[in-house]
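User: I am new to this structure and would like to go through it step by step. Could you take my questions as they come?

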Amino acid sequence: MKKSLAALCSAVMFACASSALAADITWRVPTSVPEGSPFYQNFLERFARHVSTLTSGQVEIQPFGAGVIVPALKVFEAVETGVVPAGHSTSSYLVNQDPVNAIFAGFPGGMGPDAYKAWLYQGGGKEKLEQLRAKQGLKTLIVGIGSSEILAHANKPIRSAEDLKGLKYRTSGAWAEVMRDYFGAVPTVVPPGETYTLLQRKGVDAVEWAPPSANLPEGFHQAARYIVVPGVHQPTFMWEVVLKQETWDKVPEDLQRKIEAAAALTTHESLNYFYDADIKAMEQYRKGKNEIITLSPEFIKQLTEAGQAWINKTAEAQKAKGNTLMAEILADYNDYHQRWKAESSYLIRD
């Protein structure tokens, strides 16, 4: 009898363990960058690990690099059409569809990483983003905020507005609009995985992609002589995991809270990672053969003012068409930005 009871207990324990290993919810999540990219590792893989830990394995996030399931620039569309249950991308790729996305993607003259994070998590920005995605029938989770980008890896020096005229420039989002409308550049959008080849073959004069540490493994510094900073064009940026609202609604509330906690933890950790990794990357760039160009305060001001002019003009144009959402969100964003600048002089930033 004792042997039979022991065997029964062992069988039950084995069954429980096996059950614990099997996730109750599994989502395939493609992203807009290739597997191995710092965005893939620092954002999506980190998120997958945190979700697994906080849900005790009940929810499994399966990351997929760009092009494996859907094209890099079609992630949002793939979620909306039901091709995949969830996707990870940046609103920068949605600016042409609806310019309100530029507020969340980052734009010249916009907030830096710390102010932006504070606005999102404490100032109501996250709720504004959720409001925007709800209009698309989507649930959004902020999964990654980045540090400031490198303005350009370039085959030609960029030191003034004159240098931008006619410049063939790989970019996206608000910066592409500002470059074209205010400085006479020729922007082109290509998936992240094609950027290095385009630069190396001189299909463009310059590219912008990411912060220093994310650009380093891409090898842009090997394909072009000049590195142009600071990243006034993209002071910060944000990536999201989006799901159909109906998919999210099927998740038990306790797991929803844990998934949201995993997203927030990922975002805070990933920004700290970029801050540290960017220092090391810039040190490496300075030891190399590249010429690092730091823009003058006057040129930075010119770029900043152009970005602010573009986004305010665009919001007013949307409002004139009867779409007031961009103007409402931008007013809230600008108000918080002004308050941050006015009252943050007490901060020691270095």
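User: At what angle do the axes of H5 and helix H6 cross?
Analyst: This is a predicted model. In it, the axes of H5 and helix H6 (residues 125–134) cross at roughly 70° and come within 4 Å. H5 and H6 are therefore roughly perpendicular to each other, since angles of 65 to 115 degrees count as such.

User: Which residues meet there, in H5 and in H6?
Analyst: From H5, the residues are Trp119, Leu120 and Tyr121, and they meet Gly125, Lys126 and Glu127 in H6. By class, this contact of H5 with H6 has 3 nonpolar residues, 1 polar residue and 2 charged residues.

User: And how does H5 pack against helix H14, at what angle?
Analyst: Helix H5 (residues 113–121) and helix H14 (residues 325–343) pack at an angle of about 125°, and their axes are 10 Å apart. That angle makes H5 oblique to H14. Their crossing is right-handed.

User: Which residues of H5 and H14 meet?
Analyst: On the H5 side they are Asp114, Ala115, Tyr116, Ala118 and Trp119. On the H14 side they are Ile329, Asp332, Tyr333, Tyr336 and Trp340. The contact of H5 with H14 has 8 nonpolar and 2 charged residues, with no polar ones.

User: Staying with H14, how many residues does it have, and how far does it reach?
Analyst: H14 has 19 residues. From its first C-alpha to its last it reaches 27 Å, close to the 27 Å expected at 1.5 Å a residue.

User: Which residues of H14 are buried?
Analyst: The buried residues in H14 are Leu325, Met326, Ala327, Ile329, Leu330, Tyr333, Tyr336 and His337. Of these, Ile329, Tyr333 and Tyr336 also take part in the contact with H5.

User: What covers the buried residues of H14?
Analyst: The covering elements include helix H4 (101–105), H5, H6 and helix H13 (297–320).

User: You mention H13. At what angle do its axis and that of helix H7 cross?
Analyst: The axes of helix H7 (residues 173–183) and H13 cross at roughly 105° and come within 10 Å. That makes H7 roughly perpendicular to H13. On the H7 side, the contact is made by Ala174, Trp175, Glu177, Val178, Asp181, Tyr182 and Phe183. H13 contributes Gln302, Leu303, Ala306, Gly307, Ala309, Trp310 and Lys313. These residues divide into 9 nonpolar, 2 polar and 3 charged.

User: A change of topic: which peptide bond is cis?
Analyst: The bond from valine 229 to proline 230 is cis, with omega near 0°. Most peptide bonds are trans.

User: Where does proline 230 lie?
Analyst: Proline 230 is in the loop between strand E9 (226–229) and strand E10 (237–244).

User: What about phi at serine 56?
Analyst: Serine 56 has a positive phi of about 55°, although it is not a glycine. Most residues other than glycine have a negative phi. Serine 56 belongs to the loop between helix H2 (38–54) and strand E2 (59–64).

User: Does serine 56 count as buried or exposed?
Analyst: Serine 56 counts as exposed, because its relative accessibility is 59% and the cut-off for exposed is over 50%.

User: And lysine 202, what is its phi?
Analyst: Lysine 202 has a phi near 60°, a positive value in a residue other than glycine. Lysine 202 is in the loop between helix H8 (195–200) and strand E8 (206–207). With 53% relative accessibility, lysine 202 counts as exposed.

Terms used: Residues are numbered from 1 along each chain as its sequence is written. This is a predicted model: local features need pLDDT of at least 70, side-chain atom pairs count only at pLDDT 80 or more; totals for chains, interfaces and linings use all residues. Side-chain values use heavy atoms; hydrogens and water are left out. Axes are lines fitted to C-alpha atoms, for helices over the stretch in contact, and angles run from 0 to 180 degrees between N-to-C directions. Helices (H or I, at least four residues) and strands (E, at least two) are DSSP runs, numbered from the N terminus. Angles under 35 degrees count as roughly parallel, over 145 as roughly antiparallel, 65 to 115 as roughly perpendicular and the rest as oblique. A crossing is left-handed if the near helix is turned anticlockwise from the far one by less than a right angle, and right-handed if clockwise. Contact means heavy atoms within 4.5 Å. Ala, Val, Leu, Ile, Met, Phe, Trp, Tyr, Cys and Pro count as nonpolar, Asp, Glu, Lys and Arg as charged, and the others, Gly among them, as polar. The expected span of a helix is 1.5 Å times one less than its number of residues. Buried means under 20% relative accessible area, exposed over 50%, partly exposed in between (1.4 Å probe, protein chains only).
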